[in-house]
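Colleague: I'd like a close look at a single part of this model. Could you walk me through it in plain words?

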Amino acid sequence: MWLFVRDPVRDFPFELIPEPAEGGPPGLWTLHRGRKKATGSPVSIFVYDVKPGAEEQTQVAKAAFKRLKTLRHPNILAYIDGLETDKCLHVVTEAVTPLGVYLRARAEAGGPKELELSWGLHQIVKALSFLVNDCNLIHNNICMAAVFVDRAGEWKLGGLDYMYSAQGNGGAPPHKGIPELEQYDPPELAESSGSSVKEKWSADMWRLGCLIWEVFNGPLPRAAALRNPGKIPKSLVPHYCELVGANPKVRPNPARFLQNCRAPGGFMSNRFVETNLFLEEIQIKEPAEKQKFFQELSKSLDSFPEDFCRHKVLPQLLTAFEFGNAGAVVLTPLFKVGKFLSAEEYQQKIIPVVVKMFSSTDRAMRIRLLQQMEQFIQYLDEPTVNTQIFPHVVHGFLDTNPAIREQTVKSMLLLAPKLNEANLNVELMKHFARLQAKDEQGPIRCNTTVCLGKIGSYLSAGTRHRVLTSAFSRATKDPFAPSRVAGVLGFAATHNLYSMNDCAHRILPVLCGLTVDPERSVRDQAFKAIRSFLSKLESVSEDPTQLAEVEKDVHAASSPGVGGAAASWAGWAVTGVSSLTSKLIRAHPAAAPGEPSVPQRPTPEGPPAPSPTPVPHTPMTSGHWEAQEEDKDTAKDSSAADRWDDEDWGSLEQEAESVLAQQDSWSTGGQARHTGQTSNPDHRSSESDWSSWEAEGSWEQGWQDRSPQEPPPEGTRLASEYNWGGPEPSNKGDPFADLPARREPRPDSWGDDNWEGLETESRQVKAELARKKREERRREMEAKRAEKKAAKGPMKLGTRKLD
């Protein structure tokens with residue numbers, strides 16, 4: 001029969017790394033780095049080797065083992081597991097670093113901030129207050145070697161080897177016998193009787209003063225050095241002097257010391273300490289307090305230590321979202337903290353929460369996600385985008401809130417590169433077609449055209465051929481002037497995706513029609529585009545061998561040149577005009593293109609991009625916008641940085657050898673044409689370049705309701721099949737003002753497919769007639785039933801109906 005002897009060390013669920021950790025505490029224990037065998041999570045292991053003839057030290061080590069196992073406090077080193085054998089003692093705690101090692105590492109990285117030190121000392125004093133006031137214990141070993149720092153930067157009190165009871169029932173204090181530790185003893189202990197000690201906390205508070213001196217000045221060479229505060233902050237010096245005073249009676253209780261340092265202007269009265277104290281009690285805070293805290297948190301995160309944000313703030317944010325119903329308010333600090341994470345950590349901690357947020361019905365949550373998508377889109381893989389995010393995002397196209405529809409359109413700039421064939425070329429195009437044709441808000445129709453121009457390179461060759469020309473042609477017939485400009489710019493941004501036949505037969509006729517547009521900015525861009533396309537056609541005519549090179553991108557699966565430019569435009573589409581258009585949409589909703597009333601064209605311009613003229617008949621006068629303009633000079637400057645020409649939309653000005661060269665020449669060519677021209681001394685001159693309409697003043701012109709001046713002449717037709725209306729005659733002295741409304745042909749559909757939401761007028765009329773007939777038939781049937789029932793009267797109980 002075999003007898004198996006169990007090895008407790010081998011069966012211990014933790015293993016230590018053989019090399020001891022740097023800077024372990026002097027004395028009995030050796031600090032090692034370790035890990036849990038099952039999960040590999042890091043831990044710290046304190047090891048004491050039992051030596052013959054050292055029974056007193058062994059008893060001290062066992063007492064420390066017992067103390068650490070029974071004491072539980074957030075600021076005391078957390079015990080996880082332990083092992084006691086005849087040869088050694090193993091104490092497993094949370095993964096920590098000795099304070100001395102931590103401060104040296106921080107000094108090499110630029111030095112610890114005063115905020116970190118204030119919170120660290122706050123934690124040690126709080127742990128000391130717990131021991132003295134709540135447990136009646138004297139630590140008897142406060143020093144640099146007894147303090148440890150976890151991965152979040154939290155300071156933990158350890159070194160419980162020489163702890164004893166303040167009530168004296170545990171015998172005399174343990175003898176240290178280690179000179180490195182005895183230098184921290186207060187001077188009154190050197191007296192033979194020790195009768196001068198009046199308070200139980202006096203000795204520990206002296207040692208706390210020594211710790212404060214070492215934190216700011218380095219290792220303590222001798223007790224006499226305590227007289228010189230050195231680098232201790234001025235706000236802490238008065239309280240430090242109380243700790244190292246020769247009279248033990250004046251040394252304050254740890255709780256009172258904390259209270260003094262937390263007074264207004266005190267060393268521990270700062271935003272970092274307040275944030276930590278709130279996080280410690282966040283579970284018992286009211287929902288309104290949590291909302292306010294998270295709203296203000298993102299402003300402070302830049303000044304907080306990175307480890308603190310990653311390991312303490314981030315878990316609280318995730319918990320608040322999962323269980324606290326914090327909602328959209330956690331998004332801003334969550335993404336701010338996410339910048340400190342590695343790609344792997346981001347995938348594990350942030351992405352699951354983001355995916356769950358997209359399924360929320362909370363509008364505030366959805367619009368915050370769309371606005372901040374740029375911060376996390378690079379961490380999303382294509383399967384996640386197509387199966388878990390895009391199906392929820394497309395609901396925003398149908399939302400009744402214009403701001404959400406606008407942000408949803410702009411988010412497609414970031415999502416388009418990750419969408420699959422079906423979502424990009426079919427589903428997304430259907431929504432874009434409906435928005436461009438039927439959305440009631442002009443800026444949203446305009447942004448849809450802009451977005452389509454920027455993602456055109458990601459579309460398949462068949463979709464590009466079927467959609468782009470028709471979509472941009474429809475945009476040129478929009479009553480909203482910036483939408484017409486966007487249509488012209490869309491042709492320019494995707495110029496390399498059209499064949500020469502399309503340029504000659506489909507694009508140039510549309511652009512020529514815009515040369516008599518009532519808006520000066522539209523005409524300017526149309527003339528530029530016409531000259532550019534003609535130059536392109538002329539170069540191919542002179543040298544037919546260039547045809548293959550010019551049309552190389554027409555049938556390509558993707559166009560790298562345009563795709564690279566589209567990536568640089570994404571910043572504008574997400575942040576450029578969202579706040580302005582959303583504000584305008586909320587304040588003054590625009591007329592829908594399908595409304596029965598005929599929309600008015602904007603008044604023609606004389607000089608380039610003039611200020612809007614006040615029209616008293618309109619509910620939204622340009623004077624209103626001028627008042628807004630005067631209040632927003634700063635915003636106007638920031639808006640000017642978001643111009644399309646700065647985003648390299650592309651150039652057709654010259655015969656180009658590469659797409660980027662064409663783009664540069666386009667943006668520079670149109671900018672200097674109208675430099676120095678002003679329309680109103682109260683307004684800045686608007687640049688008449690490719691993006692002059694995007695500035696706030698130009699947006700205001702587009703948003704201004706068209707004032708009814710004269711009824712359109714008899715026989716005037718609608719400008720498009722969507723009943724947008726034609727231009728009105730103008731009383732301004734513009735050479736194009738007296739031109740009658742343009743009679744436009746019916747715009748092309750987006751290809752031969754049945755696009756949802758784009759039924760022709762005839763189908764709409766037929767459907768309406770069929771619906772009315774059904775309704776009339778239903779009313780007739782109900783009337784007949786009612787007459788029949790009234791003629792027969794009610795049936796009596798027990799009788800039988802006879803026909």
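Is N140 buried or exposed?

Modeller: N140 is buried, with a relative accessible area of 7%; buried means under 20% relative accessible area, exposed over 50%, and partly exposed in between, using a 1.4 Å probe and protein chains only. Before going on, keep in mind that this is a predicted model, where local features need pLDDT of at least 70, side-chain atom pairs count only at pLDDT 80 or more, and totals for chains, interfaces and linings use all residues. Residues are numbered from 1 along each chain as its sequence is written, and side-chain values use heavy atoms, leaving out hydrogens and water.

Back to N140: you'll find this residue in the loop between β7 and β8 (147-150). Helices (H or I, at least four residues) and strands (E, at least two) are DSSP runs, numbered from the N terminus. The phi of N140 is near 70 degrees, which is a positive value in a residue other than glycine.

N136 sits in the loop between α4 (114-134) and β7 (137-138). N136 isn't a glycine either, yet its phi is positive, at about 55 degrees. As for accessibility, N136 is partly exposed, with a relative accessible area of 22%.
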